[in-house]
Number of protein chains: 2
Amino acid sequence: MSLIVQKYGGTSVGSVERIQAVAAKVKQSRDAGHQVVVVVSAMSGETDRLLGLAHALQERPSPRELDVLLSTGEQVTIALLSMALEAGGCPARSYTGSQVQVRTDSAHNKARIRDIDGARVRADLDAGRVVVVAGFQGIDEQGNITTLGRGGSDTSAVAMAAALKADECQIYTDVDGVYTTDPRIEPKARRLARITFEEMLEMASLGSKVLQIRAVEFAGKYQVPLRVLSSFQDGEGTLITFEEGNVEEAKIAGIAFAKDEAKLTVLGVPDQPGVAHKILGPISDANVEVDMIIQNIAADARTTDFTFTIHRNDYGRALEILQSTAQDLGAREVQGDERIVKISLVGVGMRSHAGIASGMFEALAREGINIRMISTSEIKISVVIDEKYLELGVRALHDAFGLSDAS
Amino acid sequence: MSLIVQKYGGTSVGSVERIQAVAAKVKQSRDAGHQVVVVVSAMSGETDRLLGLAHALQERPSPRELDVLLSTGEQVTIALLSMALEAGGCPARSYTGSQVQVRTDSAHNKARIRDIDGARVRADLDAGRVVVVAGFQGIDEQGNITTLGRGGSDTSAVAMAAALKADECQIYTDVDGVYTTDPRIEPKARRLARITFEEMLEMASLGSKVLQIRAVEFAGKYQVPLRVLSSFQDGEGTLITFEEGNVEEAKIAGIAFAKDEAKLTVLGVPDQPGVAHKILGPISDANVEVDMIIQNIAADARTTDFTFTIHRNDYGRALEILQSTAQDLGAREVQGDERIVKISLVGVGMRSHAGIASGMFEALAREGINIRMISTSEIKISVVIDEKYLELGVRALHDAFGLSDAS
């Protein structure tokens with residue numbers, strides 16, 4: 001008998017019928033002899049409905065009261081799922097974040113979990129019950145209701161699995177696993193049976209929306225085996241594993257990409273110590289998140305060129321700030337481009353295989369795709385290219401690295 | 001500076017606009033120098049929506065899970081009202097029943113309040129905040145969420161006022177006070193500026209729906225001054241007072257009535273000790289509530305006639321039970337009438353004024369209304385009459401006892 005934590009998102013519990021389908025899936029696991037803890041989100045649409053009410057009353061709703069409001073969404077789902085389970089002959093008991101003592105810091109709307117008291121849950125499991133826990137929510141030291149921010153239910157599930165030392169944390173979603181790349185762009189994309197934790201972390205941070213990055217980090221920290229599965233069809237999904245040796249032989253696990261990027265360059269900045277900080281300080285003060293950063297010696301060897309990428313939504317604001325900074329620094333010119341994308345190859349196999357980078361550049365060159373920026377880490381290579389080449393680039397790399405389905 | 005607890009029902013907080021109107025009313029009280037605690041219900045319609053979801057999943061929803069589900073209704077309202085208050089420049093903080101420690105027994109769906117810990121609320125009031133508390137809900141000793149049953153928010157407000165030793169508990173509703181009788185039946189009915197607690201208790205138990213009877217009982221037990229007011233118009237409402245001396249001179253405070261009554265009579269029951277128990281035992285075993293009970297010696301002096309009233313919905317069931325009992329007891333006959341109503345005169349003045357009863361009988365006789373049953377207590381006289389005379393009877397008594405407006 002093993003202990004499994006299952007997490008079902010808002011789409012999976014979006015109606016009475018879907019809640020019944022989830023109850024059937026949970027019962028199946030329990031009938032197979034497992035102890036099951038279920039973590040659920042609010043029914044799809046509910047969070048937006050509540051946000052609509054809040055914004056009708058206050059332009060910037062009080063963060064504390066917003067958490068009181070939004071946490072009702074999951075509370076509705078835990079009660080309904082428990083009823084569906086009991087109606088199907090499966091004893092169940094629900095707990096809010098407060099009842100099961102999901103203790104967080106006091107950062108309302110984006111709280112971080114500190115610890116979970118699993119005692120009550122364990123007692124119920126030992127009594128033969130399925131335990132249904134509200135995701136996304138907790139309480140701080142003063143007993144105030146907190147929420148983890150959108151998508152936080154993944155993190156709740158992983159934290160619960162860690163607290164209970166569960167054998168597996170299963171994230172049920174609307175896709176049936178992690179793919180070599182987005183199948184909407186490359187129809188030959190293939191589901192991965194396994195992926196390493198490090199690869200998943202890179203994929204998540206690079207724009208793959210299958211799992212919340214904080215949930216993956218949490219799983220890594222507490223070594224929780226994580227599996228991504230579909231709520232709507234049977235299958236093994238994708239196991240996120242900590243054992244590199246067991247991983248498929250491929251050098252590359254997958255291709256991630258981020259649309260909606262923009263880049264900014266300051267040309268001819270006098271090359272002095274501290275120049276990077278002088279350029280990026282005002283940008284980060286304005287709460288603009290910077291992704292890739294590249295600095296090169298300029299042609300004249302006494303000045304430097306400095307380039308970084310940001311989200312496209314922040315482009316106008318960042319450009320304005322940068323122009324003012326450039327003037328202060330006596331830089332020659334500011335250039336910008338808001339029509340770029342980032343494509344990344346991810347794979348732990350990269351570590352031991354030379355030539356991945358050159359293979360990547362070659363495949364792109366063959367299609368006439370110009371590379372604007374390059375950035376590498378131990379298990380990924382990212383390139384920035386013009387937006388119009390996104391689909392072509394992804395498909396070319398998918399082919400070049402043999403990621404397509406054998407069939 | 002006084003401490004006031006205000007309670008707003010579901011209709012009063014039924015939309016964003018109405019919540020804003022409530023916030024304005026609350027702010028008015030605070031600006032007048034009062035400390036204000038607000039107790040709210042779920043937005044009108046919300047409880048029914050949630051019940052609909054529950055019943056779609058489970059024929060008889062688990063009582064524990066039903067409380068988890070329904071308690072979200074008030075939680076939404078406290079967050080929204082707090083936002084509306086803060087948007088209006090009035091510092092506010094919300095608390096669920098669990099957070100403010102409304103401790104109840106474990107009778108899910110109809111729990112009774114044991115005590116409330118007012119410490120947190122007092123600290124917020126002293127810090128200049130309005131405190132917004134979810135009505136209708138609490139927690140039991142094990143930390144399970146409980147609800148008080150429909151209408152329980154009145155009781156929550158009175159209990160909160162008792163715990164805080166508030167100067168007044170104001171129940172805002174869709175009528176502007178307690179009337180001498182139902183204005184839909186007697187247009188000349190007059191709002192009472194004051195009514196004694198005992199009279200209010202009789203009025204509530206006799207069918208006046210202005211206040212929940214448990215809330216009135218609670219107010220009596222803890223001597224909480226209670227005031228009924230309209231959410232939608234300004235006015236003094238009706239104060240429920242404990243000082244008889246201050247009450248208006250009238251002997252009669254008001255006229256209550258109960259429609260949908262039915263009566264059953266067993267004729268010719270052998271008059272032995274314990275016969276009342278033998279007749280009513282099976283009725284109460286079937287969970288039929290009995291209201292008035294009358295026993296008379298029959299004409300032959302060796303048998304007795306036994307009559308009682310019940311709610312009309314229980315008539316068929318009770319009749320069947322009674323016929324079987326009558327046979328066992330060797331009674332002569334069972335008669336029934338499901339088209340009767342009860343009209344009651346209520347007033348503490350009755351104690352010291354003879355002739356109220358005869359005045360009542362005379363007024364009804366003048367209209368040709370036949371009295372079927374009579375029952376009296378220290379501050380009320382009730383008569384049972386044919387249903388068709390309800391309106392005529394109420395208006396005749398309203399006139400006879402000078403309850404109509406002077407104008």
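Student: Why does K165(B) count as exposed?

Tutor: K165(B) has 11 C-beta neighbours inside 10 Å, and a residue is called exposed if 12 or fewer other C-beta atoms lie within 10 Å of its own, buried if there are 20 or more, and partly exposed in between, with the C-beta atoms placed from the backbone; K165(B) therefore counts as exposed. This is a predicted model, in which local features need pLDDT of at least 70 and side-chain atom pairs count only at pLDDT 80 or more, while totals for chains, interfaces and linings use all residues. Residues are numbered from 1 along each chain as its sequence is written, and chains are lettered from A and ligands numbered from 1 in the order in which they are written.

Student: Where does K165(B) lie, and what is its phi?

Tutor: K165(B) lies in the loop between α5 (152–164) and β9 (168–173) of chain B, where helices (H or I, at least four residues) and strands (E, at least two) are DSSP runs numbered from the N terminus. Its phi is near 50°, a positive value in a residue other than glycine. Most residues other than glycine have a negative phi.

Student: Is Q101(B) buried, exposed or partly exposed?

Tutor: With 18 C-beta neighbours inside 10 Å, Q101(B) counts as partly exposed. Q101(B) is in the loop between β3 (92–95) and β4 of chain B, and has a positive phi of about 60° although it is not a glycine.

Student: How do you know that V102(B) counts as buried?

Tutor: V102(B), which lies in strand β4 (residues 102–104) of chain B, has 28 C-beta neighbours inside 10 Å and therefore counts as buried. Leaving out residues up to four places away in sequence, V102(B) touches several residues, among them I113(B), I116(B) and I139(B); two residues are in contact if their C-beta atoms, placed from the backbone, lie within 7 Å.

Student: Why are the two copies said to be related as by a two-fold rotation axis?

Tutor: Chain A can be laid on chain B with an RMSD of 0.3 Å by a turn of 179° and a shift of 0.1 Å along the axis, the superposition being by least squares on the C-alpha atoms of residues with pLDDT of at least 70 in both. The two copies are thus related as by a two-fold rotation axis. In chain A, the C-alpha nearest the axis belongs to T72(A), at 2.9 Å from it, and 100% of the contact residues of chain A recur in chain B.

Student: Which element gives the most to the side of chain A that touches chain B?

Tutor: In this interface, 29 residues of chain A are in contact with 29 residues of chain B. The elements of chain A that give two or more residues to its side are α1 (16–31), α2 (46–57) and α3 (63–87), and α3(A) gives the most, with 14 residues.

Student: How do you know that the span of α3(A) agrees with its number of residues?

Tutor: The expected span of a helix is 1.5 Å times one less than its number of residues; the 25 residues of α3(A) should therefore span 36 Å, and its end C-alpha atoms are 37 Å apart, which agrees. Of these residues, 23 of the 25 are buried, and α3(A) is mostly covered. Just after α3(A), G89(A) takes a positive phi of about 80°.
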